[in-house]
Amino acid sequence: MLELISSPWHWAVSGLAIAVVMMLLLYHGERFGVSSSFKAICSMAGAGSRIDYFRYDWKSHAWLLVFVVGSVLGGYLASSVLASPEPVQIATSTQHDLAALGIDTPQSYAEGAGFVPAEIFSMTNLTSPAGVLLLILGGFLIGFGTRWAGGCTSGHAISGLSNLQLPSLVAVIGFFVGGLVMTHLLFPFIFSL
Amino acid sequence: MKLIRFFLVGILFGIVMTKSEAISWFRIQEMFRFQSFHMYGIIGVACLLGIGIHVMIKRTTAKDLFGNVIELSPKPKTYKASLLGGTTFGLGWALTGACPGPLYVLLGHGYLSIGVVILSALVGAICYGALRKVLPH
């Protein structure tokens, strides 16, 4: 049983499991949307004293902060006691594309690893200015963009589309416009630096 | 206590995100290069089941654990914000290979450099809050 859970899941099982998470949150009176945690954390840290946007009762999001802490622990468990017996398998065509950019694919990684490329996320990268700049830029775009759009993949792509919300469809189209521009236009430039 | 339930659902979420490999930078690259069905399958199945769940909730005026009718509030019709904010997020999603949920899960995997991304995301949220009145919505 443990072995079955530890192995990577089929996409259909994964999609079902995400729907279950969304349903559990609805059943507990809340809505699935992780990026609101950014607003809650900033508000909790006192950003509301200067900026109106953060002047709200962050305790209404206490459940989300607890959920987020749980997901960190879930990530720890999934990568330790439930560690996958194999690295992430990705399409050969993607491996070739990434190799052309100088990025090693998970085939060369240890078992249960290979979720992120060492070229971007290794600790040694934290000592190179270009590496840190990349992480800072990526994070900034995520925080700024999700709050502007009023949701991320969970709030718009899963919850919003499930509730047939047109603003969510527009947001998901935006996600793809940004993602495609970064992948196909900006990556060749960034990784040639 | 009520909050413990959310803690448990959070743990489940962390495991699901890992085992689905939706937290993988490489899976996100496959998706944006249209070279694998994996991510489309995950989101597609979640949405199809989600539509069914939402229809059921509306039809039956289902109640939550605390006896309150589950209200499915519509998203605000701020289309410019959806598109422009969504595009901004998309750039960051492809670069870091992670959306907000996976960021927290990856932190649990022990990728400490993800901490830099999360802190920077909080700064991004603060900047949005400060500039909100001058941005199109």
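Predicted model: local features only at pLDDT ≥ 70, side-chain atom pairs only at ≥ 80, totals over all residues.
Me: Contact, by definition, means heavy atoms within 4.5 Å. With that settled, which elements do the buried residues of α2(A) pack against?

Reply: Residues are numbered from 1 along each chain as written, chains are lettered from A and ligands numbered from 1 in written order, and side-chain values use heavy atoms, without hydrogens or water. The buried residues (under 20% relative accessible area with a 1.4 Å probe, protein chains only; over 50% is exposed, in between partly exposed) of α2(A) include A:Ala17, A:Val21 and A:Leu25. Their packing partners come from both chains: α4 (62-79) and α8 (153-162) of chain A, with α1 (2-19) and α3 of chain B.

Me: How many helices and how many strands does chain A have?

Reply: Helices (H or I, at least four residues) and strands (E, at least two) are DSSP runs numbered from the N terminus. Read from that end, the elements of chain A run α-α-α-α-α-α-α-α-α. The count is therefore, under the DSSP definition, nine helices and zero strands.

Me: What share of the residues in chain A is buried?

Reply: The C-alpha trace of chain A spans about 45 × 45 × 35 Å along its principal axes. Among its contacts between residues at least 6 apart in sequence, 49% join residues at least 24 apart. Of the 193 residues in chain A, the buried share is 54%.

Me: At roughly what angle do the axes of α2(A) and α3(B) cross?

Reply: Axes are lines fitted to C-alpha atoms, for helices over the stretch in contact, with angles running from 0 to 180 degrees between N-to-C directions. For α2(A), residues 11-27, and α3(B), residues 38-60, the axes come within 7 Å, and they cross at roughly 35 degrees.

Me: Which residues of α3(B) make that contact?

Reply: The α2(A) side contributes A:Trp11, A:Ala12, A:Ser14, A:Gly15, A:Leu16, A:Ile18, A:Ala19, A:Met22, A:Met23 and A:Leu26. Several of these, among them A:Ser14, A:Ile18, A:Met22 and A:Leu26, are buried. Across from them on α3(B) are B:His38, B:Gly41, B:Ile42, B:Val45, B:Ala46, B:Leu49, B:Gly50, B:Ile53, B:His54 and B:Ile57.

Me: Within chain B, which residues of α4(B) meet α2(B)?

Reply: The axes of α2(B), residues 25-32, and α4(B), residues 79-96, come within 8 Å and cross at roughly 125 degrees. From α2(B), the contact takes B:Trp25, B:Ile28, B:Gln29, B:Met31 and B:Phe32. From α4(B), the residues are B:Trp93, B:Ala94, B:Leu95 and B:Thr96.

Me: Against which elements do the buried residues of α4(A) pack?

Reply: The buried residues of α4(A) include A:Trp63, A:Phe67, A:Gly70, A:Gly74 and A:Ala78. They pack against α2 and α3 of chain A, and against α1 and α5 of chain B.

Me: Which residue follows α3(A) with a positive phi?

Reply: A glycine sits just after α2(A) too: A:Gly29, with a positive phi of about 80 degrees. After α3(A), the residue with a positive phi, near 105 degrees, is A:Gly46.
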